[in-house]
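Please look over the model below before reading on. The text then takes it part by part.

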Amino acid sequence: EDDAGAAANGTNGSAAANRTADGAGCGASGAPPRSPIHIVYVLADDVGWNDFGYQSTDLGGDSLPYGGATPTLDRLARAGVRLSNFYAMPDCTPSRAALLTGVHPIHTGLYHMSIATTMPFGLPLRFATLPQYLKEVQPETKSHGVGKWDLGHFEAHYVPTARGFDSWYGYYSSYTSYFSHVGDLGECQGP
C-alpha cells in the first residue's frame, strides 16, 4: 500500500498497520500500563564516542568544572539506560526513521539521504512512529518533540503532529541556522 492509499484507507500512521499477521506488536496484550510512561530520547547527530563526559577519556572527571564537560548528559546517563553497543545510520534522516519506527531504514526507503526542504516525500505513512505506538498502549500518553524532524514535511500528513506528537518545537528540514533561524530554502517540486 502506498502513502496515498494509507491515508485514504485510514491506516495513516496506525500502529496496528505495522503489526504482523498474528497480531503481535506493541500493546497486543490489551492491558494498559499501571503507571505513566516517561521516556526521554536524546538523538545527537555527528557525535563520536569520546564526545560525552561520562565515557570520554579527556572530557570527564572531577578536574573539570561541574565534574565534566557535559554535566547534564552525564547525570542523565547515570540515572537512565545507556545504549552503548549499536550501529548508527549514515545520515540524519535514516537515524530518525530507525529511532521512531523501530524499522531499519533500508525498509522505509530512507537509507541513503537526508530529506531536503524541496523533496516531495517523507517517512512513508504506512510506518507508525513511537508516539503512535505509545498512544495505542495508553491513549492518554503525551508526546512532545524538540529539535530537528528531518522526516519530510511537504504535506500535512508528514509533520510530527500528524505522526503522533502532541507538540513539536523545532524545525522540519535537515538544516536550520541557529543564528538566523533560516533553513535551507527552496520550493517543493511535485512528484
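Predicted model: local features only at pLDDT ≥ 70, side-chain atom pairs only at ≥ 80, totals over all residues.

Residues are numbered from 1 along each chain as its sequence is written, and side-chain values use heavy atoms, with hydrogens and water left out.

The protein has five helices and two strands, in the order α-α-α-α-α-β-β from the N terminus. These elements are DSSP runs numbered from the N terminus: helices are H or I with at least four residues, strands are E with at least two. Of the 191 residues, 31% count as buried. Here buried means under 20% relative accessible area, exposed means over 50%, and partly exposed lies in between, with a 1.4 Å probe and protein chains only. Among contacts (heavy atoms within 4.5 Å) between residues at least 6 apart in sequence, 51% join residues at least 24 apart.

Helix α3 covers 92-101. Eight of its 10 residues are buried, so α3 is largely enclosed by the rest of the structure. Among the buried residues are Cys 92, Pro 94, Arg 96 and Leu 100. The buried residues of α3 pack against α4 (105-108), α5 and β1. After the helix comes Gly 102, with a positive phi near 75°.

Thr 93 belongs to α3 and is buried, with a relative accessible area of 0%. Asp 150 is not a glycine, yet has a positive phi of about 55°. Asp 150 is also buried, with a relative accessible area of 0%.

Side chains of opposite charge can pair when their charged atoms come close. A salt bridge is counted when a side-chain nitrogen of Lys or Arg is within 4 Å of a carboxyl oxygen of Asp or Glu. By this rule the model has one salt bridge. The side chains of Asp 166 and Lys 135 form it, at 2.7 Å from N to O. This pair links distant parts of the chain, with Asp 166 in the loop between β1 and β2 and Lys 135 in helix α5, 31 residues apart. Asp 166 is partly exposed at a relative accessible area of 36%, and Lys 135 is partly exposed at 23%.

The last topic is a pocket. On a 1 Å grid over the protein atoms alone, a pocket is an open set of points with protein on both sides within 12 Å along at least five of seven lines, and lining residues have an atom within 4 Å of a point. Grid points are joined across faces, edges and corners, and the volume is the space filled by probe spheres set on the points. The second largest pocket has a volume of about 840 Å³. Its lining holds 31 residues, and Tyr 41, His 144, Gly 145, Val 146 and Trp 168 lie nearest its centre. Helices α3 and α5 (130-137) and strands β1 (144-148) and β2 (167-171) each supply at least two lining residues. Strand β1 gives the most, with five. By class, the lining has 19 nonpolar, eight polar and four charged residues, where Ala, Val, Leu, Ile, Met, Phe, Trp, Tyr, Cys and Pro count as nonpolar, Asp, Glu, Lys and Arg as charged, and the others, Gly among them, as polar.

Key:
1 Å grid on protein atoms, 1.4 Å probe; cavity = no way out; pocket = protein on both sides within 12 Å on 5 of 7 lines; lining within 4 Å.
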